[in-house]
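Can you walk me through this protein structure?

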Amino acid sequence: MMREINASIPFDKRLWRQDIAGSKAHAAMLRAQGILSADDVAAILDGLAKIEAEYAGGGLVEDLALEDIHMHVETRLAELIGPAAGRLHTARSRNDQVATDFRLWVRDAIDAIDAGLASLQAALLARAEEHAETIIPGFTHLQVAQPVTLGHHLMAYVEMARRDRGRFRDARARLNECPLGSAALAGTSFPLDRQATAATLGFDRPTANSLDSVSDRDFALEFLSAAALTGLHLSRLAEEIIIWASQPYGFIALPDAYSTGSSIMPQKRNPDAAELVRGHSGRLLGAFQALAVTMKGLPLAYSKDMQDDKEPVFQSYDTLALCLAAMTGMVETLTFRTDRMRAAAASGFSTATDLADWLVREGGVPFREAHHITGRAVKAAEAAGCDLAELPLATLQGIDARIDERVYGVLTVEASVASRTSYGGTSPAGVRARIADAKTELGL
C-alpha cells in the first residue's frame, strides 16, 4: 500500500526529458566547478544519452519501488556506468530537481498552447475577413438587440485569445527562474555556479531563495488559471456554435467531421465536438481549484502533498490542447447560412436605436426623448405587423413631426452596421481595419 500511495512514476514519467536535461546541465556545472572529475562526468553524460535514447524509444519500465522519474533515471544510470552515477546527485535534492523539471515541462506546455491559440486566432481571422460584411443579430440577454457583422462577432473571440496568450506569456516570464542548486531547502555548501546551470537550461536567472525554490508552485497555478480562462472562452464559443446549429436558429451547418448522429434518429446531426469542448472547460476550472486547495495549507518548505501538483497540470494541458485543436477545426469548416442570419438580424426592431440616434443627430432631440419617440414607433410597427423601415412616413410623422424621409436611410440593417464607425465598432470598414491589425500582430 505504501509503495502504491508513495509512487508518482505512473504520471511523472512525463518529465523524463526534462529530468535528463536538468541532470546533464547539473553534471556539466559540477565538472566546471571542479566538484566532479572529468572522467566521472564523461561517463554520466554518456549514460544519460543512452537513457534518453531508450526512453525515446518507449523503453521506460515503471517500478513503483523506485517511486519517481528521478530514481528511475538514477537507477538506470547506475546500471549503465556503475558507482559514478551516485556522484550525479552531489549538491542537489529531489526537491530542487523536481521543481526544475516541472518548470521546464510547464514552459514547454505554454509554448505549445500558445501555438494552438495562434492557430485558432488565424482560423477566426480568416472567417472574419470572409464575413466582414455579413449581417448577424447582436444579442443581449439572448434577445435581438442591434445588427452587427459576423466578422465583428468572430473578432471578439480573437480578442479573447489575444488576452489568453498574454496570460500564458506572463506566466512563462515569471516561471523562468531555475531552482536547481537549492538542494533540499537550505542551499548547499558546494561552490555551485547556479547562473551557469540556469543559462544552460534556458532560464533567465536562478531562483533567489532556496526555501521558496522548492516549495513554490505558483507557476503551476498560473498555468492552470490561464488554462481555465482559455477554456472558459472556448466554452462560450462552443455554446454559440451549439445554439447557432439548432434548427430554430439555423445560422450554421456543422461538418460531419465535427458532429455525430443519433442511435435512433437518423436525421440528427449533433454538435458533439462543441458540446465536449463546453463540457471539458469544467475540468480546467476544477484543476485550478484542486491544486489551489492543496497548496493553501502547506508550510515551508516541501511536503509530500505537492506530489499531487502534476496530474492536474498534465491533464489540463492535454484537455486544453485537444479543445483548441477541435475548436480550430470547427471554425475552419463551419458553413454559415448568411440568409438566416440576416433575416434574424432584421427581426425584433433591431434598428430602433438607429432611429433614436437619427432623432438626436438630425432633429436635435435629447436622447431620452428620442428613446420614448422610438418606443412609440416600435409599438406602431408591432401593431402594423411590419418592420420600422416599412412604416409609412405619415405614421412616423404622426408620432413626431420632426421625422422626415431621410430617416429611411438609417433603418436598414446594412445602414445600421455601416454607421457604427467608432473605433472597435461593427462597421465593415472598422472590422477590416481590426483584422489587419490582428494579422500584423500574428505575423500573417
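Predicted model: local features only at pLDDT ≥ 70, side-chain atom pairs only at ≥ 80, totals over all residues.

**A walk through the model**

Find strand β1, residues 135-140, and strand β2, residues 143-149: they run antiparallel and are joined by six bridges. Another pair is Thr140, whose bridge partner in β2 is Gln143. Together β1 and β2 make a hairpin, with two residues between the strands. His141 sits in that turn and has a positive phi of about 60°. In a regular strand, by the way, side chains alternate between the two faces of the sheet.

Now for the helices. Two packed helices are described by the angle between their axes and the distance between those axes. Take helix α6, residues 94-130, and helix α7, residues 150-175: they pack at about 165°, and their axes are 9 Å apart. Angles over 145 degrees count as roughly antiparallel, and therefore α6 is roughly antiparallel to α7. The crossing of α6 past α7 is left-handed.

A second pair to follow is α10, residues 218-245, and α12, residues 310-333. How do their axes meet? The axes of α10 and α12 come within 10 Å and cross at roughly 30°. The cut-off for roughly parallel is an angle under 35 degrees, so α10 and α12 are roughly parallel to each other. This crossing, too, is described as left-handed. If you zoom in on where the two helices meet, the residues from α10 include Ala220, Phe223, Gly231 and Ile241. On the α12 side you'll find, among them, Pro312, Val313, Tyr317 and Met327.

Some of those names come back when we look inside. Which residues in the largest nonpolar core touch the most other members? They are Val106, Phe168, Phe223, Ile241, Ile252 and Met327, out of 87 residues in that core. Helix α10 supplies the largest share of the core, with 14 residues. Apart from this core lies another one, made of 21 residues, including Phe349, Val365, Ile399 and Ile403. Back in the largest core, let's zoom in on Val106. Setting aside residues up to four places away in sequence, Val106 touches Leu175, Phe219, Phe223 and Val313.

Most residues other than glycine have a negative phi, and most peptide bonds are trans. With that in mind, look at Glu67, in the loop between α4 (38-56) and α5 (69-81). Glu67 isn't a glycine, but its phi is positive, near 70°. Its relative accessibility is 21%, so Glu67 counts as partly exposed. Ala91, found in the loop between α5 and α6, also has a positive phi, near 65°. Is Ala91 buried or exposed? Its relative accessibility is 8%, and the cut-off for buried is under 20%, so Ala91 counts as buried. And there's a peptide bond to check as well: the one from Leu300 to Ala301 is cis, with omega near 5°. You'll find Ala301 in the loop between α11 (272-295) and α12.

Thr353 belongs to helix α14, residues 352-363. With a relative accessibility of 30%, Thr353 counts as partly exposed.

Gly57 has a relative accessible area of 66%, and exposed means over 50%, which is why Gly57 counts as exposed. How far is it from Gly57 to Tyr423? Their C-alpha atoms are separated by 54 Å, and the two residues are 366 residues apart along the chain.

Terms used:
Residues numbered from 1 in each chain as written. Heavy atoms only, no water. Core = buried A, V, L, I, M, F, W, Y, C linked by side-chain atoms within 4.5 Å. Buried < 20%, exposed > 50% of the residue type's maximum accessible area, 1.4 Å probe, protein only. Helix = DSSP H or I, 4+ residues; strand = E, 2+ residues; numbered from the N terminus. Contact = heavy atoms within 4.5 Å. Pairing = 2+ DSSP bridges. Axes fitted to C-alpha atoms, helices over the stretch in contact; angles between N-to-C directions. Parallel < 35°, antiparallel > 145°, perpendicular 65-115°, else oblique. Left-handed = near helix turned anticlockwise from the far one by under 90°.
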